[in-house]
Each structure stands twice: as C-alpha cells, then as structure tokens.
Amino acid sequence: MGLEIVNDVRTDYVCDLVRNGKREDGRGFREYRNISVERDIIKRAEGSARVKIGDTDVLVGVKVEPGTPFPDTPDKGVIITNAELVPLASPKFESGPPNENSIQLARVVDRGIRGSEAIDLDKLCIEEGEKVWMVFIDIHVLDDNGNMVDAAALGAIASLLNLRIPNERYGLTGENTLPMRDTPVAVTAVEIEGNILVDPSFDEGNAAASSVTVISNADGTLSGMQKSGSGGLKEAQIAEMVDIGIEKAGEIRKKYL
Amino acid sequence: MYQVVVPGDFLSEETKRAGEGTYVEEGKVYASQYGIVNVRGEIKVVPLSGKYMPSNGDVVIGRITEISSPFWIVDLASPYEARLHVSALSGIAREQIEFGNMSEYLDVDDLVVVKVMDVNMLMKIELALQEDVELRRGGRLVEIPHTKVPRVIGRSGSMIKMLKEKCNCFIFVAKNGRIWIRGKRDDMALASTVILKIARESHTSGLTDRVAEFLDSFRREKERELRG
Amino acid sequence: MKEEIELIKDGKRLDGRGFDELRPIKIEVGVLKRADGSCYLELGDNKVIAAVYGPREMHPRHAQDAKMAVVKFRYNMAPFSTDDRKRPGPDRRSIEISKVCREAFDPVIMRELYPKTGIEVYVELLQSDAGTRTAGINAASIALADAGIPMKDLVSSIAVGKINGEMVLDLNAAEDNNGEADMPIAMIARTNTITALQMDGRITKEEFERGLKLAMGACHQIYELQRAALIMRYNQNYESKSKREEE
C-alpha cells in the first residue's frame, strides 16, 4: 500500500483553522454536516438507502437470498457486508479487488450490526442445517468527501429497517418483514492539534493523524469501535470520542431512523 | 561501558549532547536504536544491527550490479544504490573507455573498492575509484554486518593487526562490512572463520584475548599435525 | 439469544487465571538467519514468528516515497494454525488486521531517516488461540528493534474482553468464541499513547473504560518482558557482570 496522497498546503490550512477553533465550513467541532437519508430507492433490492453527509454520498443495497448456513450455526441466518469504493467516487479509487480501505469499511459497519444483534438471526432460519436467509449488505460509495464510514453505517441501518424477506420469489412461506431489534449508529471523530472533531470532511480526514469510529446503540451501549490512521491517542481523548459518539448517535437516531 | 538500550529508553536531560541513535522529546534524550549507549562526549547509541548508510569519505567494497552508460551501478550492501561514472577509471584505463566496452573494465558482479564522494538529498550516491587498494584475483570476500566492523579493526587497529599477522593474509576491511582477504587457501579459511567469530561475539568483553588464544591454539594444532 | 456458557467458576476462569492475569509469554530474539530482524513469541497457546526486512530498496519504484520509508505489514495465518484448516493466502480478516497492525507502528518508526526505501514486517501465526494480532504486534516490535530500525518506542499489545458479564484480560479462544466482547489494543508504554484499538461485541461505556485501563496496565507488563528479552539477549554473553556495575 502506498501512502495516501496528502496535500500539505490543505493540511496546514485545516490545522491552522483548528488551532483557532474553526473548521473550513464553519461548523463547530461537535457538529455534523447536513445529513439526508432516502429509503427504499432501489426497487430490486430488499432494502436500500442513500445517505449523504455533506457531499459524501453512499448508496447501500441489501439483497436477501436463501443459502446454506455456516456449520457451527445451523439455525441462524448469515449477514455478509461488502463495500465498493468505486472509481467514480474519487480520483484515488482504482478498479480491482477490494483494498484494505474498503475491507476495513465493510468490516467496521458489519461489526456494529453484529455486535448490537440488531438483526435476529434466528428469525432468518428456513430449514435448520439446510437453508437460511443470507442478508447481503452492499455498500457502494458514490462520492468520497470525507467520513464514508458514518454514511455507510447509517445507510446500512436505514436499509435494514423494514427489510423485505422475498418469500414469494422462492416459493416459501414466512414473515415478509424482519423488524430490527436495535439501531446502531456509527460516529467518527478525528484528532487534530489536540482537538476532537466529529464528522471529518475530506481535508480534515487527511490532515488528522488518527480517527476513531464509535458505534453505539439506542440504550447507549457500544457495539463496535475502530481506531484508524497513523497517530496515537491518549486515554482521555478516546474517552471523549466515546462520549461524543454516544451523544451524536442519539441525535442522528432520533432524526433519521 | 556495555549498557544495552532499547528504543524509547531515557538516556539524559542534556539535549545539547544528543547524537546518533537518539532523539530529543520535551527536553529529554531517548534512545532510538537497539544498541549500546555511549555517554562520553556525545550521547549516542551504537546500533547492534542495521543497514549500512553511506556517508561522504567512506571507503567501501562495492559490487557492480548493472552497466547503465555512462555509469556502473554499484551495490554497497545498503538500501541505496550508488553509481560510478566511467570517467572515474580514466586514470588507469589504457585508452578512452567507450560506452560499449565498459564491461571490459568492470563487469556485472565484479568487486571494486570505492570511496563515497557525495550523498545527495535524493539519496543518489556518487563514487570514485579508490586506487590504492586493488582486489586482485585469488582472494575472497567475507560479509559481516557493518556494525561489527569497529570490532574487527579493534582499538587503534589492534585486532586487525593481530589477524593479519597470525593468519598471514592481506586483509582489507571496508566500512560497509565487506572484507577482502588474500593469502594461501588454508590461511584465508582461518581468517574468515575468525572474522565471523568476532562478528558473532562483538558485544562481549575479553574478545581480543580469546581471539588470540583461538588463533594460537589453531596454529599449535596445525604444527602438531605436521609433525605427525 | 445466545446460551451462556459458563466461562467463570468460583471467581476464576476455566484455565485457572484471575480476571486480570495474562497467559504465559515466551520471547526469543533473532531466530531467523535471512531476515534482518526477527522474533519468536508465545502468548498462551499462540505461537507467532515476526520477521523484518529492510530498510531496503522499494519496488515498484512508483510506490516509493521520496521523503520517507514505506512500511508494509503482512499478518498471515498458517493453514494449520487453526482447528479448521485456513485456506492459504490473504483473506479479508487478515487484510484488515494487517492494516491495523501497520498503523499501530506508524507513530514510532522514524521513517524519515530512510527515504525511498521499504520496510517490510511479516507476522506468521503458526498456532492460534485468540489474541493473535496482539501476539503479532508484540513480536513485531522486537523484530523491528532486532533489525536496527530506528524507533521512538517499542509498541506493546493485549486484548481485553467480556465473558459472563465480567471484563477480563487476554482472552483465550474458548473465551473469545463464547464471550460478549473482544477489545484488542496496542500502546506505547512510556507515554501511555494508544496506537491501535478495536472493539467487537457489546459493552457499556463503563465496561469500556474499565477494560481499557486493564489493558493499558497489562501493556506495561508486556513492555517489561519485551525490553528484558532484548537486553538479555546480549547480556547473557557478558563475562564479567562487575564491569556493568562500574558504570
């Protein structure tokens, strides 16, 4: 992997602003950019949502198909999360097999959903040991302008709310919806010049040495965390990011889910 | 004297004396290398391992890896390649070296003694031929980590002097850990063995005496064999 | 809901450990001849070898960085390292772990000293029993030092987890498979700076804070073991101990 291409001039600009308590777009350190969530926009998917955070644009489609369960969980459905950083989304993205960034993105989103047990996998069993519903969550990043994780995670949850189970298509009978048991929300913050900023813009993401994504549930418990980037963080900084994560997740959950 | 430190070990508060193998953070000097700390004069850590980094004036043994007119590309057992311009040989060439026949003078895999003339910002290393040392046929090359070279030379050259005498060989120790030996076959084998032994035990004390004893007992063994 | 398997009996874990006890650790420095630096490490039943090559010429040329060394980290599990044979080659989990491990060392490796070169770290899991990435990071720290790579500090790593409602240190495989959460971290002991952190599972904020403190404390213990292994490797050949006492 090569280093991310960082434009030093923009990094200096961002750092300078932060030192003076400001951000490029005038937001407060704990403020998100404008969020929009559009649900059920892909008819052929069993669930879908398009999330925009600022100019970052992510489309998530969920497909549900019958498949064979894993041998050690014969009566449970399977969730498979994948992310594509398609070339049209950024001059940095190349076509080809998933790279470490898209893999990390998918696995972090997956971790949040799995940890919260938001989907009752028992309800996805069709025939124990033989057939279960496979839930494919496919994240398609359309425009990378910073903080793809939060947009992708929000899109995944929005897609899963009122997920349609295509019983008819496969000649099966069963519940046609699968209500979610929880609504995990991912909140990513970065550290710049000793300050914690939530929802990093593209330049802020590049200027920051580290980012932490905190995924929390409706009751304030945590169902996933991931530190990413080349910097180091102090215990107190991480604690602050956890607090912000839980607080912001509550706000986002209330407004958009 | 032989205190081993690891990266991050606190060494001193005298930041003005911070030297190689250390870094300064918030008014304190820390080790940045796994090595032996030396606080006389500069505070430095001599690494126990690591790659040779060329610096101006070093005399080293290089190996030609490529001919890329008008340069020979030379491997110095370093992360960086070096180059020797064709004009460097003009002193000893019988005629003007044409780009086409550079390989007649120095071919790929040939060893050459060179001096580092310049290491620039882009890590491009320029070399000059070191004419007073010739690597004539019939010798052999021993490679040791460059960090062990001072031990092979010894304080005021005491170790290398003893090796040359007791092994009866011509030995040239280059800064990049490459050592050229020339002598009778058995003598060269002995010299190689001893040099590798010194490199392995370089961090121990009493080494010079142990090496002398090793060489003497080897001689005694040989003489006993000859006498039958 | 998941059945709760009893992992704690009479205040002790199934392998007899207390909640804040590490598994036994064994460290050997410089075990490979060809690599520039290496380390063999055992953490409980985990067996890992870390090797470092570099700094050396970086290929392909276009991936070089004119100002500093490029670090590559490859975490890999041998096919025979797990109960169910693992197919050879990188999978998504290994790729993510490789990234997290590489980033754990970014704050300490002084890359600017070797522009245009590559430094490669290879971690091979020979036998796995949960906590493999933490064992890998601990071994890689030592291998990097052994290779003479200049660093600001060593990096130490351990995981905490939640089993039967309790936060415990250094989960083994049985605990990881049946537990409620797993949180590996990596840290610079000298400055208490965290360079890697992941959490998988479900915990409260308070459990997180408690777990983090537990893990940070354990990293200090591990740091002492790492340091001792590096120092002892040369000290054991010293003939006169009194010379050191003279300093």
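Two residues are taken to be in contact, or to touch, if their C-beta atoms, placed from the backbone, lie within 7 Å. The views below come from a predicted model, in which local features need pLDDT of at least 70 and side-chain atom pairs count only at pLDDT 80 or more, while totals for chains, interfaces and linings use all residues. Residues are numbered from 1 along each chain as its sequence is written, and chains are lettered from A and ligands numbered from 1 in the order in which they are written.

**View 1. Surroundings of Ala152(A).** Leaving aside residues up to four places away in sequence, Ala152(A) touches Val58(A), Val60(A), Ala83(A), Leu105(A), Val109(A) and Ile139(A). Ala152(A) and Ile139(A), together with Ala50(C), Val121(C) and Ala143(C), touch the most other members of the largest nonpolar core, which has 155 residues. Such a core is a set of buried Ala, Val, Leu, Ile, Met, Phe, Trp, Tyr and Cys residues joined through C-beta atoms within 7 Å; a residue is buried if 20 or more other C-beta atoms lie within 10 Å of its own, exposed if 12 or fewer, and partly exposed in between. Helix H3 (residues 148-160) of chain A gives the most to this core, with 10 residues, where helices (H or I, at least four residues) and strands (E, at least two) are DSSP runs numbered from the N terminus.

View 2. In soluble globular proteins, nonpolar side chains tend to be buried together.

View 3. Helix H3 (residues 185-200) of chain B has 16 residues and reaches 23 Å from its first C-alpha to its last, close to the 22 Å expected at 1.5 Å a residue, the expected span being 1.5 Å times one less than the number of residues. Buried in H3(B) are Met188(B), Leu190(B), Ala191(B), Val194(B), Ile195(B) and Ile198(B). These residues cover an arc of only 160 degrees around the axis, which puts them on the same side of H3(B); the arc is that of the directions from the helix axis to the C-beta atoms. On the other side of H3(B), Arg185(B), Asp186(B) and Arg200(B) are exposed.

**View 4. Packing partners of H3(B).** The buried residues of H3(B) pack against strands E12 (140-143), E13 (170-173) and E14 (178-182) of chain B, and also against helices H1 (149-153), H2 (158-167) and H4 (207-227) of that chain.
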